[in-house]
Amino acid sequence: MRIVGGKVVTCCPGRNFVTLRLETEDGIHGLGDATLNGRELAVASYLTDHVLPLLEGRDARRIEDIWQLLYKGAYWRRGPVTMTAIAAVDTALWDIKGKTLGAPVYQLLGGASRDAVLVYGHASGDTIDQTVEAVGRYVAAGYKAVRAQCGVPGLTKPYGVATGEHYEPAAPGLPAESRWSSERYLEVVPPLFAELRSAFGPGLHLLHDVHHRLTPIEAARLGRALEPHHLFWMEDPTPAENQASFRLIRQHTTTPLAVGEVFNSIFDCQLLIQEQLIDYIRTTVVHAGGISHLRKIASLAELHQVRTGSHGATDLGPVCLAAALHFDLSVHNFGIQEYMPHAPETDRVFPHAYSFSDGVMHPGDAPGLGVDLDEVEAAKYPYQRAYLPLARLMDGTMHSW
Ligand code: EZ4
Ligand code: CO
């Protein structure tokens, strides 16, 4: 079954998405998400200019071989742009295989390991009281796990605090700048979780994203302070280019750690997993080489009792969300899936079979991934340049956002 063509569709139904569509000679097509927030057009060009010419005429059934061709054949290995492009091709080929065999992708991955996929939602507020109320709204909507982020006095636009109903950090135009103080932040987070635990009792899973802002020793202190409130996880406590820095955090706290939304290969988390420095690996389909590579990461993690907790913010398109749900349903060492509902315009561009109810999701049983791309609808929303914000310390020093 030859690949006879493909194209990249870039659209902005509420936010930017890049989607790859591959065509086969028998008329079956497959979709892959290729969205890299704030750097979308680099991946679109990588696919159009450098990958599509290589795929023409190849056998669409040879998913692993095509993956290795794109990885080893580029000579320049890894990196977010390359791995997002490879992920798009890999995802589209799994979609094609499922449609060809008349089976949902999770059946091809070994079948369901659980009834449905536990997801967590994003609650936030400017103050602790508002955040407690926001978490209450998620509980009322059926969520069993909620991430809580809170404003910090003296800081404008801290990470994770929504201005509208849903948190969306990328904004049209050039990057917005925010200021950051770890000292002020560290004053707010422990009392927030003390309040949340006393308001909702022991049954609710509570999560928090530090978003790479702390040093290892600060993260260790926060992890310790949060221990009485038994979080499901503390995410990205410090930047992880230096994986060994997690040894220090790990020695000092039993708060579970989740890392990896910016990782793009198994080599980014090899030490973290093998030394059991983390509890959850957050790599996801679109940024870590697709379903094929994510399964290898999950297999390594399984050996070390690390579970998966894939990234799933709104900048991961509906095709990635569907692929993530097929992966989550099938893989043995699944932990949780991040879930932020997409805008209604996005859902109209990408009709889909996946569904949410009572705190869990299911990818559905449509053949392939179960997501379509309505190109007429997509054409109504042309790409708009947008960037993630920047963060500087109070004295103006550039910091991690
Ligand atoms: O900042 O997806 O856990 N979720 C997150 C997200 C990321 C965005 C970046 O594009 O950290 O909000
Ligand atoms: Co995060």
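Trainee: Which residue does Arg 247 form a salt bridge with?
Mentor: Arg 247 pairs with Glu 275, and their closest N and O atoms are 2.8 Å apart. A salt bridge here is a side-chain nitrogen of Lys or Arg within 4 Å of a carboxyl oxygen of Asp or Glu. This is a predicted model, where local features need pLDDT of at least 70, side-chain atom pairs count only at pLDDT 80 or more, and totals for chains, interfaces and linings use all residues. Residues are numbered from 1 along each chain as its sequence is written, chains are lettered from A and ligands numbered from 1 in the order written, and side-chain values use heavy atoms, leaving out hydrogens and water.

Trainee: What does the pair of Arg 247 and Glu 275 tie together?
Mentor: Arg 247 is in helix H8 (residues 246–252), and Glu 275 is in the loop between helix H9 (270–274) and strand S11 (280–281), so parts 28 residues apart in sequence are tied together. Helices (H or I, at least four residues) and strands (E, at least two) are DSSP runs, numbered from the N terminus.

Trainee: Is Arg 247 buried, partly exposed or exposed?
Mentor: Partly exposed, because its relative accessible area is 34%. Glu 275 is also partly exposed, at 35%. Buried means under 20% relative accessible area, exposed means over 50%, and partly exposed is in between (1.4 Å probe, protein chains only).

Trainee: Next one. Which residue does Glu 261 meet in a salt bridge?
Mentor: Arg 282, at 2.9 Å from N to O. Glu 261 sits in the loop between strand S10 (257–259) and H9, and Arg 282 in the loop between S11 and helix H10 (290–303), so the bridge ties together parts 21 residues apart in sequence. Glu 261 is buried at 12%. Arg 282 is buried too, at 0%.

Trainee: How many salt bridges are in the whole structure?
Mentor: A search finds 19. One of them joins Asp 209 to Arg 147, with the closest N and O atoms 3.1 Å apart. Asp 209 is in strand S8 (residues 205–209) and Arg 147 in strand S5 (residues 145–150), 62 residues apart. Both Asp 209 and Arg 147 are buried.

Trainee: Changing topic. Which residues are protein donors of the cobalt ion (ligand 2)?
Mentor: Asp 209 (OD), Glu 235 (OE) and Glu 261 (OE), lying 1.9 to 2.1 Å from the ion. Donors are N, O and S atoms within 2.8 Å of the metal (3.2 Å for Na, K and Ca); water is not among the atoms, so sites may look incomplete. Asp 209 in strand S8 and Glu 261 in the loop between S10 and H9 are 52 residues apart.

Trainee: How are the donor residues spaced in sequence?
Mentor: The pattern is D-x25-E-x25-E.

Trainee: What area is buried between domain 1 and domain 2?
Mentor: About 2500 Å², with carbon and sulfur atoms giving 63%. Buried area is the accessible area (1.4 Å probe) that two parts lose on being put together, summed over both. In domain 1, Asp 33, Trp 94 and Pro 104 lose the most area to domain 2, together 24% of what that side buries.

Trainee: How many salt bridges are there between domain 1 and domain 2?
Mentor: Three.
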